[in-house]
Amino acid sequence: MIGAAGENVPADARIEAAMRRALQASAQVHGITSPNPPVGCVVLDAAGEVVGAGATAPPGGPHAEIVALRQAGDRAAGGTAVVTLEPCSHFGRTPPCTDALIAAGITTVHVALPDPNPIASGGATVLRDAGVAVTVGTLAGEVARGPLRAWLHAVRTARPHVTWKLAASLDGRSAAADGTSRWITGPDARAQVHALRATADAIVVGTGTALADDPALTARNADGTAWAHQPLRVVVGHRDLPAGSKLDAPDVLHVRSHDPDTVLAVLRERGVVDVLLEGGPRLAGAFLAAGRVDRVLAYLAPALLGAGPAALADAGVGTIGDIRRLHVDTVCRVGTDVLIDARPGAELLEKGTQ
Ligand SMILES: NC(=O)c1ccc[n+]([C@@H]2O[C@H](COP(=O)([O-])OP(=O)(O)OC[C@H]3O[C@@H](n4cnc5c(N)ncnc54)[C@H](OP(=O)(O)O)[C@@H]3O)[C@@H](O)[C@H]2O)c1
């Protein structure tokens, strides 16, 4: 295959590059598509040149394939579509993407992941029946760890995906002995957390954190300006918040329950797919004990407190045999801090469902 600039590029490398570009496009809409999946799509013309790239619009808007096909126009004919998720073949709020791909004259489709949603799956079969060549599995692992992760989890489990984010000193404390906790981690870690908030559908804290810190729970830039997408702010617990506190606002959801499954069911009702659990220690312990933490993002500051509250309270571990071990996906430096991105092993999730 000859590249746009005339260079020789193997076909597979070009498809993988297009899939990475589709993944990047999907990252741009991460947080604004729920309950729909954040999908990315790239269209190559018959010569293998990128002629369209797009991602899922907010609910009711076009899917990624349609955005990319519109950009490509007539150049899609005889071309290839590279999509992070199997194109839908059903009439939802928008017509099937398989119809649009076939009508545009696309002859080959590369998909990263099959659609696990029984209502929308079957797109690959529809395309093949229409004579389109379809491959499934391009960069599947990379795509599954990307912006689609929470949505895939929600479809498989019928529960929102929960990421517990914590910030702690190296000795695992989330505040000093006198309760002061700002700032344990550095500005780079804090900026990353704000970016993370902007991709979440909901941020959840317990009343303990709301009462102790009076947090705004908004996604802000370093200069204090707000990100365009703001997640639903959620407080969990029976206590009232004082009038005039930052979370005493009409758009804040107050769930008066101690049951993580009740909280998640309420959030699911609201179309929430991706939850960022920001603590504090007791609420996080309850979610872990219930097997309802799907990812742990631990920002560890190279600092020691020696006394003060731990980042995690009772998580149902009474004896060392019940220790909650995690599988580490990545470890990286964020400014002066260290970020561990981990997830519970399958046995912990099973324990929580018993
Ligand atoms: N460094 C960090 O990453 C981080 C993050 C967040 C908070 N913090 C710190 O944590 C401290 C607050 O700790 P905390 O443990 O009180 O906060 P919390 O976990 O946010 O709130 C505890 C409250 O959550 C409610 N709750 C809901 N479900 C529960 C369950 N299953 N079990 C127990 N409680 C449940 C209860 O409220 P009701 O009593 O109203 O029913 C409980 O009093 C603050 O000093 C804050 O700065 C640190």
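Select V42 and find the residue across from it: V42 stands opposite V82 in β3. You are looking at a predicted model. Now widen the selection to the two strands. β1 and β3 are antiparallel and are joined by four bridges.

**The five-stranded sheet**

Five strands make an open sheet, and the order to follow is β2-β1-β3-β4-β5. The pairing in this sheet is mixed. Which strands stand at the edges? They are β2 and β5 (133–136), and each pairs on one side only. Turn the view along the sheet. On average, neighbouring strands are turned by 15 degrees against each other, direction ignored.

**Helix α2**

Next, select residues 64–72, which form helix α2. This helix packs on the sheet and touches β1, β2 and β3. The direction of α2 makes about 150 degrees with that of β2.

Colour the buried ones: A64, E65, I66, V67, A68, L69 and A72. Then show what they pack against. The partners are β1 (40–44), β2 (50–55), β3 (80–85) and α3 (97–103). Step one place past the helix to G73, which follows α2 and has a positive phi, near 60 degrees.

**Two domains**

Zoom out and colour by domain. The protein chain is divided into domain 1 (11–150) and domain 2 (160–353). Their C-alpha centres lie 33 Å apart. How many residues does each domain bring to the contact? Domain 1 gives seven residues and domain 2 gives ten residues. On the side of domain 1 that touches domain 2, three residues are nonpolar, three are polar and one is charged.

**The eight-stranded sheet**

Eight strands form it, in the order β9-β8-β7-β10-β6-β11-β13-β12. This sheet is open, and its pairing is mixed. Go to the edges, where β9 (252–255) and β12 (326–334) stand. Each has a single partner strand, so one side of each is left without a neighbour in the sheet. From one strand to the next, the twist averages 20 degrees.

β8 covers residues 232–236 and runs parallel to β7, with five bridges joining the two. Which residue of β8 stands opposite A202? Select L232.

Then show α10. Helix α10 lies across β6, β7, β8 and β10 (274–277). Against β6, α10 runs at about 135 degrees.

Which element gives the most?

Last, colour the shell by class.

Key. Residues numbered from 1 in each chain as written. Predicted model: local features only at pLDDT ≥ 70, side-chain atom pairs only at ≥ 80, totals over all residues. Buried ≥ 20, exposed ≤ 12 C-beta atoms within 10 Å, placed from the backbone. Contact = placed C-beta atoms within 7 Å. Pairing = 2+ DSSP bridges. Axes fitted to C-alpha atoms, helices over the stretch in contact; angles between N-to-C directions. Domains from an automatic or database assignment. Nonpolar A, V, L, I, M, F, W, Y, C, P; charged D, E, K, R; others polar.
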